[in-house]
Amino acid sequence: VQSPVASAAQLTDLTRTFLGEQAEALAALSADDFRRFQEGLLARLRERDRNLNDRTSRLWLDLDLDVTTFDTRERIAAEVEGLDLAAVRAYLEQVRE
């Protein structure tokens, strides 16, 4: 994170505040709501490209990232599908430390 106007200490404080707020929101999230959010994200990741521009943009992004298998969305979807609420909460706590 960078800012032309905020100091490193301010950015650190703001980041910690943000992560704390996200941890609170995640703590309040039910397993059913988590699953609904997860399913929505998976649906977006698995959407077919709407047009040639979308497809070429996606493929160029993979190429720019040196992913010559052109399967970034599928790989991300597989990882998202394997997540559960407890794992996401644990990860956020790890990031906060």
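Buried means under 20% relative accessible area, exposed over 50%, and partly exposed in between, with a 1.4 Å probe and protein chains only. The legends below describe a predicted model, in which local features need pLDDT of at least 70, side-chain atom pairs count only at pLDDT 80 or more, and totals for chains, interfaces and linings use all residues. Residues are numbered from 1 along each chain as its sequence is written, and side-chain values use heavy atoms, with hydrogens and water left out.

**Figure 1. Overall fold of the protein.** The secondary structure comprises five helices and zero strands; helices (H or I, at least four residues) and strands (E, at least two) are DSSP runs, numbered from the N terminus. The C-alpha trace spans about 45 × 40 × 20 Å along its principal axes. The radius of gyration is 17 Å, well over the 13 Å that the globule rule gives for 97 residues, so the protein is more spread out than a compact globule. This radius is taken over C-alpha atoms, and the globule rule is 2.2 Å times the number of residues to the power 0.38. Of the 97 residues, 18% count as buried.

**Figure 2. The largest nonpolar core.** Seven residues form this core: Leu-19, Ala-23, Leu-26, Leu-29, Phe-34, Leu-85 and Leu-92. Helices α1 (8-28) and α5 each supply at least two of its residues, and the largest share, three residues, comes from α1. A nonpolar core is a set of buried Ala, Val, Leu, Ile, Met, Phe, Trp, Tyr and Cys residues joined through side-chain atoms within 4.5 Å. Leaving aside neighbours within four places in sequence, Leu-26 is in contact (heavy atoms within 4.5 Å) with Leu-85, Val-88, Arg-89 and Leu-92.

**Figure 3. Salt bridge between Arg-46 and Glu-81.** The closest N and O atoms of Arg-46 and Glu-81 are 3.1 Å apart. The pair links distant parts of the chain, 35 residues apart: Arg-46 is in the loop between α2 (31-45) and α3, and Glu-81 is in helix α4. A salt bridge is a side-chain nitrogen of Lys or Arg within 4 Å of a carboxyl oxygen of Asp or Glu. Arg-46 is partly exposed, with a relative accessible area of 47%; Glu-81 is also partly exposed, at 43%. A search of the whole structure finds eight salt bridges.

Figure 4. Arg-96 and Glu-93 both lie in α5, three residues apart, about one turn of the helix. Their closest N and O atoms are 3.3 Å apart. Glu-93 counts as partly exposed because its relative accessibility is 39%, and Arg-96 counts as partly exposed at 38%.

**Figure 5. Salt bridge between Asp-49 and Arg-58.** The closest N and O atoms of this pair are 2.7 Å apart. Arg-58 is buried, with a relative accessible area of 18%, whereas Asp-49 counts as partly exposed at 23%.

**Figure 6. Loops on either side of helix α4.** Phe-70 is found in the loop between α3 (52-64) and α4 and counts as partly exposed, at 33% relative accessibility. Gly-82 is found in the loop between α4 (72-81) and α5 (85-96). Its relative accessibility is 65%, so Gly-82 counts as exposed. The C-alpha atoms of Gly-82 and Glu-93, eleven residues apart along the chain, are separated by 19 Å.
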